[in-house]
Amino acid sequence: MASSSIPSNTPHPMPPASADLATTWAFLEEGVDHIMTKLQTGVSYSKYMSLYTVAYNYCTSSRMHGAPDSAWEDALSDNDDDSADHTKAAGANLMGSDLYNNLIRYFVTHLKSLKEQSDALQDEALLRYYASEWDRYTTGANYINRLFTYLNRHWVKRERDEGRKGVYPVYTLALVQWKSNFFLHVQSRHGKLAGAILRLIERQRNGETIDQGLVKKVVDSFVSLGLDETDINKASLDVYKEHLETPFLEATEKYYQQESEAFLAESSVSDYLKKAEERLREEEDRVDRYLNTETRKQLVSKCEHVLIRQHSELMWENFQNLLDFDKDEDLQRMYALLSRIPEGLEPLRKKFEEHVKKAGLTAVSKLVGEGSEGADGLDPKAYVDALLEVHRKNSETVTRSFRGEAGFVASLDKACREFVNRNAATGTSTTKSPELLAKHADMLLRKNNKMAEEEDLEGALNRVMILFKYIEDKDVFQTFYTTKLSKRLIHGVSASDESEASMISKLKEACGFEYTNKLQRMFTDMSLSKDLTDQFKERMQQNHDDMDVNFSIMVLGTNFWPLNAPNNDFIVPPEILPTYDRFSKYYQTKHSGRKLTWLWNYSKNELRTNYLNQKYILMTSSYQMAVLLQYNNHDTLSLEELVTATAISKDILVQVLSLLVKAKILVNEETDQYDLNPNFKSKKIRVNLNQPIKAEVKAESSEVLKTVDEDRKYVIQATIVRIMKARKTMKNQPLIQEVISQISQRFAPKIPDIKKAIDTLLEKEYIERVEGTRDTFAYVA
């Protein structure tokens, strides 16, 4: 306990209001010392009120007590200009300075004894002594501050108002004296106080348990000792920052530099990630427990620099290893750590993009290698599943390990776009992927589709849309999809109208109304055709009762359906000729001016056998029907006779006949001679002979690609005209760039094609060259 500076222990009686300074101060000093050193023994209310009254009486006394006190002269000597005014001022001013200077002398003497006792102490013992004395001192100073309320309110306030910044309210004065007479003394000896705190913190970092409350108490004193001279009511962290924060941050940097290097020398990167995460958490926790919150930002920044930035190269190098072995938790940690430093994630994003791209290319190469026919015989489902699996796995990694961060999502998209459009199956072709995806969608949307039965069809269509997003040539997909849809509708093999509508709405959402306009019109035509068939049948029943042919028609708009009329002639068999003629006339009366082109190559028929014991129903194409009906009048026919009778071209007819021979309906024992087989047998009553012929399958792909090329020419030309109409004049290069940017959502246009389109438009006089320039065009209104 601090010793008092009072020589005698006998209590002084309460002086009268007119008592001089010596008598007054002797009484007050005894009370002040009791509060500062023996407060735990208590102070009676009457004693406290006596002290307050004496201080008040002395301050309000207007008499001059003897000669001016020397300290008062010192106080005045700082302000020579004001001294004349001061002597005229009320006596309260003079009395205030006497008390104020005596308080300063008391604090200095009191702190001197603390200083002497602290000199022999070290580390935790020093901190305990400092903390207990700080508690006692600040508690006492609080009471003293209230005793001298009048002094603070009048004399101190006036002094400060007149610009004397070195005068403080009593509590602040006590802190200023503590700082200059005790704190700085202890600190001046090799930062003894801060050093003791730092050693305790280091022990805690090394796993020991320390008294955190003690550290907090001492640290808080550093904060309390800060003083903003311009506004003493404002907190200032100057003392805390200079004496504790700066050395603390330096010590932290040094500690973690040594620890991280030593740890990495004997441990794996995965273990280091855990350690760094743990350490960062501990340091943030440390701020909450006993440091000032202002330190958080700098401390975290310092730790991030030492623990993460200085070892980021090593983390980047190890990232691939974590990806290869699906180390989810480690990836999460690495992401969380590197996201804390600027540019920490960029190398990871690039590596991740390469990783996904490589995984996609490998999956397709493996698939192509397994197939006997290579890329040409690739199963669309297997291809789509392989691509989706790579996307699914890496998409989960982005969500789980990288918290769905936009940069990693972009890397995933970029990589997927790359391997979906260019891989071992596509080779140099940009149309292979959209073709296979459209074929897969076609298989999903067909009746009797096992995939739709095994799983949710809607989910399967959503997965198709995942890959569709990455397809560059969306127009190729659109054309293949339209062709496949037309076949599904014509042959009535759609799984359901709901699924078809759902897929169209997904495509519409992805690419806009224009993209799906044709698809929707196809459904409209189907609906109108059904009504038309019903109306025709009704009319025929009224006018003709000899309609023994069951007939339904589809009238399809040329602009919306990707169907080509047959190149060869076709002689309509007499069995169906009356129905053919009647419908043609009926349609002309209903819609005069419209021309019907009969698509025999897409039509289908059912024939009933009458020449066998067992009656069969043969499901045929129109060409097969035309051939088989010839056998109503003949048992055997040559190829030439059949060509003459049907007008089907020889190359197609040969393929039609080979299917009928393969099905054992016809027998081909002599070259180019075909007989009806009287011994035909089948396990099924309904026999499907309507299989696509090779020429049609091959023609479909080449027709689609031809259509795509034609459409592209017009799309590019239309885009150029639209741009030029808006801009009026434009240079060649910016025009090409603008065309690419507008069309790239639909397909990737080639620059030579754009240049060709510009030349075409110059010829057609939609645009012209600006006179005197080589590469500037103007729109011709």
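T516 is a buried residue, with 0% relative accessibility (buried means under 20% relative accessible area, exposed over 50% and partly exposed in between, using a 1.4 Å probe and protein chains only). Keep in mind that this is a predicted model, where local features need pLDDT of at least 70, side-chain atom pairs count only at pLDDT 80 or more, and totals for chains, interfaces and linings use all residues. Residues are numbered from 1 along each chain as its sequence is written, and side-chain values use heavy atoms, with hydrogens and water left out.

**Around T516**

- You'll find T516 in helix α24, which covers residues 513-543.
- If you skip its neighbours within four places in sequence, T516 is in contact with I504, L507 and K508 (contact means heavy atoms within 4.5 Å).

**Overall build**

- The protein has 31 helices and nine strands (these are DSSP runs numbered from the N terminus, with helices being H or I of at least four residues and strands being E of at least two).
- Its radius of gyration is 49 Å, well over the 28 Å that the globule rule gives for 781 residues, so the protein is more spread out than a compact globule (the radius is taken over C-alpha atoms, and the rule is 2.2 Å times the number of residues to the power 0.38).
- Picture a box of roughly 155 × 65 × 60 Å along the principal axes: that's what the C-alpha atoms fill.
- Of the contacts in the protein with a separation of 6 or more, 72% are between residues 24 or more positions apart.

**Inside and surface**

- Buried residues make up 45% of the 781 residues.
- The accessible surface is about 40800 Å², and carbon and sulfur atoms own 49% of that (areas come from the Shrake-Rupley method with a 1.4 Å probe, and for residues only the protein chains shown count as cover).

**Around V300**

- V300 sits in helix α13, residues 295-307, and is buried at 15% relative accessible area.
- Leaving out neighbours within four places in sequence, V300 is in contact with E284 and R340.
- V300 and S592 are 292 residues apart along the chain, and their C-alpha atoms are separated by 84 Å.

**Cysteines**

- C416 is buried at 1% relative accessibility, and C303 is buried with a relative accessible area of 1%.
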